[in-house]
Amino acid sequence: HCFGCGKGGGAVRFVMEVDSLSFPDAVRKLAAQVGMQVPEESPGDSRWREKRRHILELNKEAARYYRSMLSQPEGAAVADYIRKRCISAKFSARFGLGAAPDAWDCLIRAMREQGYDKASLIEAGLAVAGKGGGVYDKYRNRLMLPVIDVRGDVIGFTSRVMDDSTPKYLNTPETAIFKKRSILYGLNYAKKTRRPNFILVEGNIDVITLHQAGFDNTVATMGTALTEE
């Protein structure tokens, strides 16, 4: 108990306050840290949790891959664009910016080495099935921005193309864990702001540049429409 501010409680309450999490999410975070399994309500819930865990692990590895490409020749165009937008190395790293090479199967091959098959990549929205039965990377020649939830998990990606092809901006499609109607980009950092309000913008790059300028209460919608969620 703090006699100064009046806050108090145990480990779960502490995590709820520090990380701005609900009670179930705080319990799951603590359980994951010590390797405990949170009891599920039904076998269906257990299967969904396992699918969610698998996609989250795949997304994390994909984000690491895209980040590593930023310092490679294949990511030079993206690195130049980041510099032109005056995003510092610190905030590029903070938001996990990366580069998708201008190739058809770079991510597929990299993730295969990590033990992930093509079906998992399609389920996570990282690959697309072609008409002839083939599979190719969904993101090519793009600036990659991981979308991170309030628990710190990479739940999907948003991206910007580096040439004149369309669409200019491309998000992860609807998956078991990515529902863009209920996502605010940057909320994983903005939740910790000490400001009394939030700044809502349209662009993901706007979020990063405003955070860099000291406005750590900035978030963006995943698209132009506001939803009930």
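A: Begin with a term: two residues are in contact when heavy atoms lie within 4.5 Å. Note also that this is a predicted model. With that term, what covers the buried residues of α4 can be listed, and it includes α5 (89-94), β1 (98-100), β4 (142-148) and β5 (154-161).

Q: Which residues of α4 are buried?

A: The general idea comes from helix geometry. An α-helix has 3.6 residues a turn, so residues three or four places apart point the same way. In helix α4, residues 76-84, the buried ones are Val78, Ala79, Tyr81 and Ile82. They cover an arc of only 160° around the axis, which puts them on the same side of α4. Arg83 and Lys84, on the other side of α4, are exposed.

Q: How do I read a sheet, and what is the strand order in the open sheet of three strands?

A: Strands of a sheet pair through backbone hydrogen bonds, either parallel or antiparallel. Here the order is β7-β9-β8, and the pairing is mixed. β7 (184-185) and β8 (199-201) are the edge strands, each pairing on one side only. Between β7 and β9 (residues 218-221) the sense is antiparallel, over two bridges. Leu184 stands opposite Thr221 in β9.

Q: Which helix packs on the sheet?

A: Helix α9, residues 204-212, does, and it touches β7, β8 and β9. The direction of α9 makes about 180° with that of β9.

Q: Which residues have the most contacts inside the largest nonpolar core?

A: That core has 50 residues, and those with the most contacts inside it are Tyr66, Leu126, Leu143, Phe157, Tyr185 and Ile208. At least two residues of this core come from each of α3 (43-69), α4, β1, α6 (106-113), β4, β5 and α9. The most come from α3, which gives eight. As for Ile208, leaving aside its neighbours within four places in sequence, its contacts are Ile87, Phe91, Phe95, Leu97, Leu145 and Tyr185.

Q: How many helices and strands does the protein chain have, and how compact is it?

A: The protein chain has nine helices and nine strands. Its radius of gyration is 19 Å, close to the 17 Å that the globule rule gives for 229 residues, so the chain is as compact as a globular protein of that length. Of the 229 residues, 40% are buried.

Technical notes: Residues are numbered from 1 along each chain as its sequence is written. This is a predicted model: local features need pLDDT of at least 70, side-chain atom pairs count only at pLDDT 80 or more; totals for chains, interfaces and linings use all residues. Side-chain values use heavy atoms; hydrogens and water are left out. Buried means under 20% relative accessible area, exposed over 50%, partly exposed in between (1.4 Å probe, protein chains only). Helices (H or I, at least four residues) and strands (E, at least two) are DSSP runs, numbered from the N terminus. The arc is that of the directions from the helix axis to the C-beta atoms. Two strands pair if DSSP finds at least two bridges between them. Axes are lines fitted to C-alpha atoms, for helices over the stretch in contact, and angles run from 0 to 180 degrees between N-to-C directions. A nonpolar core is a set of buried Ala, Val, Leu, Ile, Met, Phe, Trp, Tyr and Cys residues joined through side-chain atoms within 4.5 Å. The radius of gyration is taken over C-alpha atoms; the globule rule is 2.2 Å times the number of residues to the power 0.38.
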